[in-house]
Amino acid sequence: MFYFSRWKSTLIWLSVVLSFWLAAPNFLSQNVVDTLPSWLPKNSMTLGLDLQGGSHIMLKLERNDIIQERRETILDEIRANLRRAGIGYTSLAGSGQKITFKLRDAAQVEAARTALKDLREPVSTGLTGTTIDEVSETASADGTFQYDLTNAGIDYRVRSAVAQSIEVVRRRVDELGTTEPLIQGQGSDRIIVQVPGLQDPQRLKAILNQTAKLTFHLVDPTMSAEEALATRPPANSEVLYTNDTPPVPILIQKRALLSGENLVDSQPGFDQQRGNEPIVSFRFDSQGAQIFGRVTQENVGRPFAIVLDNKVITAPNINEPILGGSGQISGNFTVQSASDLAVLLRAGALPATLTVVEERTVGPGLGADSIRAGVTATIISFIAVVFFMLFFYGTLGLIANIAMAINIVMIIAVLSALGATLTLPGIAGIVLTMGQAVDSNVLFYERFREEVKQGRSIVNAMESGFQKAFGTIIDANLTTLIAAIILFYMGSGPVRGFAVTLSVGIITTVFTAYTISRLMIAIWLRRNRSKAMPKGIRTHFFDFARINFMRIRNWSFGITAALTVASIVGFATMGLNLGIDFTGGSMIELKAKQGDADLADIRSKLGDLGLGSAQVQGFGDPTNVMVRVQSQEDETAEQGVVNKVRTALESDYEFRRVEVVGPSVSGELAITGLIGIGLSLIAIMAYIWIRFEWQFAIGALTATLHDAIMTIGLYVYTRMEFDITAIAALLTIIGFSLNDTVVIYDRMRENLRRFKKMPLEELIDLSLNSTLSRTILTAGTTFVAILGLVIFGGDVIRAFTISMLFGVVVGTYSSIYVAGPMLIYFRLRSDAFDTDKDKAPGDSQAAKPAV
């Protein structure tokens with residue numbers, strides 16, 4: 001086990017060198033990285049928006065827009081085809097996904113069906129041999145027709161519109177000159193836009209919110225717009241309004257003479273003849289130029305309207321034919337609005353409206369503060385764990401610390417190679433991995449000490465100890481990995497970054513435990529040829545532990561039950577202080593530009609805005625303020641909140657962080673969080689059931705539920721905000737708690753096979769005392785590591801780290817005083833493990849091992 005051939009040793013050290021090689025760019029400045037030769041790695045971890053600043057925006061494509069467009073298109077086709085066929089009809093109307101009309105002559109039903117056969121033609125989805133019916137037809141003998149837009153057809157149109165919208169959004173964002181934006185679809189009708197380092201999120205939202213559908217129409221001269229509003233406009237005309245203040249109505253013809261699809265370029269500029277007024281110049285392609293030239297030539301002297309998203313930008317008279325294929329749009333433009341319109345026209349129109357349903361913006365100042373806090377907390381936690389291990393294990397502690405450092409480098413190397421994003425919770429994941437990495441070494445070292453006490457030589461004790469510990473290491477880390485994987489699939493943004501970091505950390509922890517730690521110990525054994533325990537081990541005082549844990553199980557269960565009931569009652573009566581992730585609404589972090597923040601003045605200004613309930617509270621130093629505004633009736637109103645608050649406060653305060661969650665997204669996040677917790681419990685319990693016995697699975701489930709309820713009680717009584725990171729903390733606590741429980745259960749299972757006549761209470765006490773050193777040392781190192789995050793990690797993740805710190809304490813408690821007694825209450829029997837191979841000499845209490 002501790003013999004390594006030369007090629008194995010070489011491969012292990014090469015993996016270490018490769019890790020340092022891949023991780024190196026993360027520790028060099030960008031200027032140095034740019035000067036490196038091309039054959040050297042240059043990829044580094046991408047910093048998340050919470051660390052470098054920027055905007056995360058989730059857009060939802062409005063399905064009703066697609067339905068309306070398809071309905072209007074089919075109405076036009078019905079009119080045109082029936083008119084072409086000379087078939088009279090009446091009462092043509094559409095509503096929702098239904099269109100109805102009636103023939104004047106019922107004898108023409110078949111003729112009408114023939115004229116409208118194109119509507120019933122299946123549409124190819126682009127996949128080989130796959131078609132769908134977009135429209136279903138119902139025709140009655142009395143000449144009544146009904147056409148229904150099928151859900152499958154609408155779904156196909158929505159998917160196509162999302163794909164088209166992603167390209168349009170990408171072109172628009174690229175026009176802003178941003179660096180490495182991320183634009184991708186999510187689900188069936190959502191688009192995620194992440195723009196790092198963005199200084200003006202308001203401009204980004206304004207550009208993304210506009211459909212930018214540009215059309216050219218003739219103005220209808222048959223009546224005035226006021227008369228059309230007072231009576232009824234002609235059938236082929238409609239009234240639209242200008243962007244003036246107040247808006248001016250204009251009666252235009254519905255049929256568009258030309259659309260923005262024929263534009264090849266648009267640029268902002270200035271009209272020299274009108275005092276350098278901002279304008280937008282445009283140029284058509286050859287087809288558009290021909291149509292535009294013909295239309296202007298045929299309508300000299302008539303006004304025509306340029307319409308953008310159903311708003312008339314301008315309606316000038318055609319003084320002469322415009323044959324060059326270019327023109328200009330004038331209106332009440334500012335330099336910025338003219339530039340933005342040019343961007344929109346160049347990028348093209350969206351097929352449907354995109355609504356902002358979620359926004360998370362972090363200013364560069366807060367991002368820099370978060371980086372400093374995260375790095376400081378990581379360094380301090382690392383140093384604390386290093387001293388902790390050196391104090392308790394001496395030489396072996398030094399080996400564990402070297403392995404832990406290599407483990408961290410490997411995490412950074414893997415994240416860099418994958419192009420993963422490092423978030424602030426991701427830094428917390430690295431710190432948590434320190435405790436997990438040390439735990440693997442502690443398990444091995446304590447097994448090694450037990451083997452030495454039983455009379456084995458140092459080498460044999462090392463080999464036997466590692467063989468017995470490695471299975472437990474795998475079981476313990478797998479439970480946490482299951483929780484991390486589910487968190488990755490159910491989470492988003494920074495939470496997903498935490499899941500990625502934690503998952504990679506677990507894998508590298510098992511790898512370093514199996515290879516690097518063993519190899520370094522093997523080298524130490526060869527060089528020292530020691531026949532005694534390494535110097536500096538200070539865990540011997542645990543050997544005298546004879547604690548009767550199960551004697552007070554009824555008392556501990558009573559205390560546990562009381563705290564559990566208190567948590568449940570508090571949850572039922574007081575409820576959680578839910579964050580905007582689950583309630584919807586807006587959260588804005590402000591920092592006073594000069595002096596301290598004036599909370600009373602902020603409350604007064606917000607009260608004048610009519611936004612409903614708004615909470616204003618200080619945090620950190622006196623210059624920082626957190627503003628929370630209740631959820632509004634829809635996503636558009638939510639965005640209006642931020643605009644109003646910004647207008648009222650931006651002159652005196654820096655907007656360091658803005659989070660807006662619409663009603664639809666908040667509901668989805670709540671459901672996703674509950675599903676994630678449920679799936680984690682089911683998956684982990686299934687694993688425990690397979691690896692152990694059903695009593696162990698129920699005991700582990702009870703202990704895990706205890707920890708989750710206690711953590712929820714912490715949120716209830718401290719009134720810490722319960723948001724999506726709290727779900728991540730709960731899942732992590734579940735994984736950690738089960739990690740500890742699995743280690744204890746593994747020792748109980750081993751002892752049940754060896755001491756079949758020992759009373760269960762004594763056997764559980766024996767197992768708990770045998771693993772007490774590991775339990776305390778692992779909890780201690782993890783506690784110390786997370787404590788560094790609590791103190792130095794900053795306010796952004798403080799609630800997250802406090803709950804994890806609390807989870808370490810309650811997880812350790814439940815592993816002893818909940819998981820153990822449950823086996824007694826469910827009458828676990830030793831014959832559950834009665835196999836032929838277990839029936840060996842020494843099956844008696846007399847063979848009790850030293851504890």
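Two strands are taken as paired if DSSP finds at least two bridges between them, and the views below show a predicted model.

**View 1. Strand β12 and its partner β13 in an open sheet.** Strand β12 (residues 237-242) is joined to β13 by 5 bridges, and the two strands run antiparallel. The open sheet to which they belong has 6 strands in the order β13-β12-β18-β17-β11-β14, with mixed pairing. Its edge strands, β13 (249-253) and β14 (258-259), each pair on one side only.

**View 2. Aromatic contacts of F292.** Among the 27 aromatic pairs found in a search of the whole structure is that of F282 and F292, which is edge-to-face because the ring centres lie 6.2 Å apart and the planes meet at 75°. This pair links distant parts of the chain, with F282 in strand β16 (residues 277-284) and F292 in helix α9 (residues 286-298), 10 residues apart. F292 also pairs with F284 in a tilted arrangement, at 5.1 Å centre to centre and with 50° between the planes. F282 and F292 are both buried, and F284 is buried as well.

View 3. The cluster is formed by Y393, F444, Y445, F466, F470 and Y514. R518 lies over the face of F466, at 5.1 Å from the ring centre, and also over the face of Y514, where the corresponding value is 4.7 Å.

**View 4. Helix α21, residues 724-754.** This helix of 31 residues reaches 46 Å from its first C-alpha to its last, close to the 45 Å expected at 1.5 Å a residue. Helix α21 is mostly covered, with 27 of its 31 residues buried.

Note on methods
Residues are numbered from 1 along each chain as its sequence is written. This is a predicted model: local features need pLDDT of at least 70, side-chain atom pairs count only at pLDDT 80 or more; totals for chains, interfaces and linings use all residues. Side-chain values use heavy atoms; hydrogens and water are left out. Helices (H or I, at least four residues) and strands (E, at least two) are DSSP runs, numbered from the N terminus. The expected span of a helix is 1.5 Å times one less than its number of residues. Buried means under 20% relative accessible area, exposed over 50%, partly exposed in between (1.4 Å probe, protein chains only). Rings of Phe, Tyr and Trp (its six-membered ring) pair if their centres lie within 6.5 Å; planes under 30 degrees apart count as stacked, over 60 as edge-to-face and the rest as tilted. A charge sits over a ring if NZ of Lys or CZ of Arg is within 6 Å of the ring centre and within 35 degrees of the ring normal.
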